[in-house]
Amino acid sequence: QVQLVESGGGLVQAGGSLRLSCAASGRTFSTYRFGWFRQAPGQGREFVAGITWTNSSTYYARSVKGRFTISRDNAKNSVYLQMNNLNPTDTAVYSCAAGYPASGLYDFTYWGQGTQVTVSS
């Protein structure tokens, strides 16, 4: 089982950057696949980015590709989301998620509570 705690959210102006962190507990951190999702007010949850456990391959939603970067540090049991060139449409609660390596790329089992990101125009 994995427990996830996000941090790093906040208020930023359009064009700015933020780096989100996700601290994971569990002895088999390196075997999980991790992802970031977001949910804006009144909208459904949206996939943002994912990273595999084998060779840390990454994949992104079209809306953030080229602006966001997901990474992981197995030694620190942490996953990160670097967000650059933010715009107001990126405003949402961002959540970290963990999935088993045998499941689908967008199939995640464990979820954090989320951290708020607000981008002002």
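A salt bridge is a side-chain nitrogen of Lys or Arg within 4 Å of a carboxyl oxygen of Asp or Glu. Side chains of opposite charge can pair when their charged atoms come close. The structure described here is a predicted model.

A search of the whole structure finds three salt bridges. Arg38, Glu46, Arg67 and Asp90 are linked by such contacts in a network. The pairs are listed below.

| Salt bridge | N to O distance |
|---|---|
| Glu46 and Arg38 | 2.8 Å |
| Arg38 and Asp90 | 2.9 Å |
| Asp90 and Arg67 | 2.8 Å |

Arg38 pairs with Glu46 and also with Asp90. Arg38 lies in strand E4 (residues 33-39), whereas Asp90 is in the loop between strand E8 (78-83) and strand E9 (92-99), so this pair ties together parts that are 52 residues apart in sequence.

Asp90 also forms a salt bridge with Arg67. Arg67 sits in the loop between strand E6 (58-60) and strand E7 (68-73), and Asp90 in the loop between E8 and E9, so their contact joins parts 23 residues apart in sequence.

For Arg67 the relative accessible area is 14%, and because buried means under 20%, Arg67 counts as buried. Glu46 is partly exposed, with a relative accessible area of 30%. The salt bridge of Arg38 with Asp90 therefore pairs two buried residues, while the salt bridge of Arg38 with Glu46 has a partly exposed partner in Glu46.

Methods: Residues numbered from 1 in each chain as written. Predicted model: local features only at pLDDT ≥ 70, side-chain atom pairs only at ≥ 80, totals over all residues. Heavy atoms only, no water. Buried < 20%, exposed > 50% of the residue type's maximum accessible area, 1.4 Å probe, protein only. Helix = DSSP H or I, 4+ residues; strand = E, 2+ residues; numbered from the N terminus.
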